[in-house]
Amino acid sequence: MNRNGSSPAPVPASAPAPALQVTDLQVTYYTDSGRVKAVDGVNLTLYSGERLGLVGESGCGKSTMALALMRMIKPPGRIEAGSAIVGGPGGMDLLKLNEEQILNARLSTVSYIPQGAMNSLNPVLRVGAQMLDAMRAHLPKATKEELNERVEHALESVELQRNVFRMYPHELSGGMKQRVCIAIGILLSPKVIIADEPTSALDVVVQRQVMETICRVQEKIGAAVILIGHDMGLMAQITNRVAVMYAGKLVELSTVREMFTDPLHPYAQALISSLPNLENKGVFQSIPGLAPSLLRLPSGCVFHPRCQHAMDLCKTVVPRQSTTPSGRFVYCHLYDEHGNKVKQPETSTKAQVQQKVPVTGR
Ligand SMILES: Nc1ncnc2c1ncn2[C@@H]1O[C@H](COP(=O)(O)OP(=O)(O)OP(=O)(O)O)[C@@H](O)[C@H]1O
Ligand code: SF4
Ligand SMILES: [Mg+2]
């Protein structure tokens, strides 16, 4: 919900420009146990000014996708394929930049607030020094006064006092440290901010305040945000659209309203029905079975062993992308290429359900 109490618009204002276009992103970790396809052919477009939520069970590849966009995947991981164009057609492909270019692009074009960001602050360096370090290489001609002013301004933008500049991380609360990380993320007014579970270690009240801060600074600098998280309630209140990942693949992308009222993909449906609501107080639905190991993915649709609607086709054929006229998309054999529901064959085979596990836990 916005600060004025209304829900965010389903998509940004008319004919939004793409801020980031990700096409066929593939990332693999080459582990001793085998190849882990952590991100497997992800496509998505992020529009200027929008807030896109990225959700999915632990280990489904959310952080890997973010790290790939930042070009921060380290061995044994490797970006195998794909493009990530910032700034619309003809823009810059983050995945093709050389080392120097990507160093320049980080913070100034795309910034990342990492999972557990507040623990990434250097305990022996004052906050101001860390922020200056992050910025110096980008603005080699700026004077010391100009850099200091920019840092203090960024601190004020996230509702921190200027004197935090001279403090050490241990002198700050968790919420304040998280605000410092957001301030670092916006120092150079990037076009895209990727926030990886930015509030997961904070209590509920501080979570809300920090999220409001992210939204406010995002609106102020006109950036688009990818918000990674598990908290569907927060997603409902904060984001414009929601993308659902499962086992390295994006399975549905819809407006937040569509996702919560009429999810298309059976996994998204299960996620939504696992949320508590006033009609079924205290009753939690669960998704049958366990998330697959990325080392041994099921054939066909990777969700088929857990899907209540699985058909024989699902066991062998990977679903293609179906896109509705309104632009939402889903990967599932239940839909035709335009996202219309197809008639299920009578011979539908119900998936074998192995075990009940709650979906809301991590
Ligand atoms: N450095 C690594 N080496 C090997 N495998 C990795 C590495 N980092 C991640 N993985 C594997 O890649 C998959 C995706 O991990 P990732 O951290 O992207 O998931 P996630 O969706 O962000 O999970 P969470 O919600 O728990 O943060 C997991 O199976 C994980 O084990
Ligand atoms: S493709 Fe088949 S198994 Fe996969 S989600 Fe759709 S119905 Fe279920
Ligand atoms: Mg993660």
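This is a predicted model: local features need pLDDT of at least 70, side-chain atom pairs count only at pLDDT 80 or more; totals for chains, interfaces and linings use all residues.
Is Leu 46 buried or exposed? Leu 46 counts as buried because 25 other C-beta atoms lie within 10 Å, and the cut-off for that label is 20 or more.

**Around Leu 46**

- Leaving aside neighbours within four places in sequence, Leu 46 is in contact with Pro 18, Ala 19, Leu 20, Leu 52, Val 192, Ala 224 and Ile 226.
- Ile 226 is 180 residues away from Leu 46 along the chain, yet the C-alpha atoms of the two are separated by 8.0 Å.
- Val 192, one of the contacts of Leu 46, touches Ala 19, Leu 20, Leu 46, Val 86, Val 110, Ala 223 and Ala 224, again not counting residues up to four places away in sequence.

**The nonpolar core**

- Val 192 turns up again in the largest nonpolar core, where Val 192, Ala 183, Val 244 and Val 251 have the most contacts inside the core.
- How many residues does this largest nonpolar core have? There are 97.
- Helix H5 (residues 174-186) gives the largest share of this core, with seven residues.
- The core lies between domain 1 (18-249) and domain 2 (286-357), because both domains give residues to it.

**The chain as a whole**

- The protein chain has ten helices and 14 strands.
- Of the 362 residues in the protein chain, 41% are buried.
- If you take the contacts between residues at least 6 apart in sequence, 65% of them join residues at least 24 apart.

**Around ligand 1**

- Ligand 1 is surrounded by 16 residues, and the closest are Ala 38, Ser 58, Lys 62, Ser 63 and Thr 64.
- Which elements give two or more residues to this shell? They are strand E1 (18-31), strand E2 (34-47) and helix H1 (62-69).
- Helix H1 provides the largest share, three residues.
- Sorted by class, the shell around ligand 1 has nine polar, six nonpolar and one charged residues.

**Around ligand 2**

- There are 14 residues around ligand 2, and those that come nearest are Cys 301, His 304, Cys 307, Cys 314 and Cys 332.
- What classes of residue make up the shell around ligand 2? This shell has ten nonpolar residues, four polar ones and no charged ones.

How values were computed: Residues are numbered from 1 along each chain as its sequence is written. Chains are lettered from A and ligands numbered from 1 in the order in which they are written. A residue is near a molecule or strand if its C-beta atom, placed from the backbone, lies within 6 Å of it. Helices (H or I, at least four residues) and strands (E, at least two) are DSSP runs, numbered from the N terminus. Ala, Val, Leu, Ile, Met, Phe, Trp, Tyr, Cys and Pro count as nonpolar, Asp, Glu, Lys and Arg as charged, and the others, Gly among them, as polar. A nonpolar core is a set of buried Ala, Val, Leu, Ile, Met, Phe, Trp, Tyr and Cys residues joined through C-beta atoms within 7 Å. A residue is buried if 20 or more other C-beta atoms lie within 10 Å of its own, exposed if 12 or fewer, and partly exposed in between; C-beta atoms are placed from the backbone. Domain bounds come from an automatic or database domain assignment. Two residues are in contact if their C-beta atoms, placed from the backbone, lie within 7 Å.
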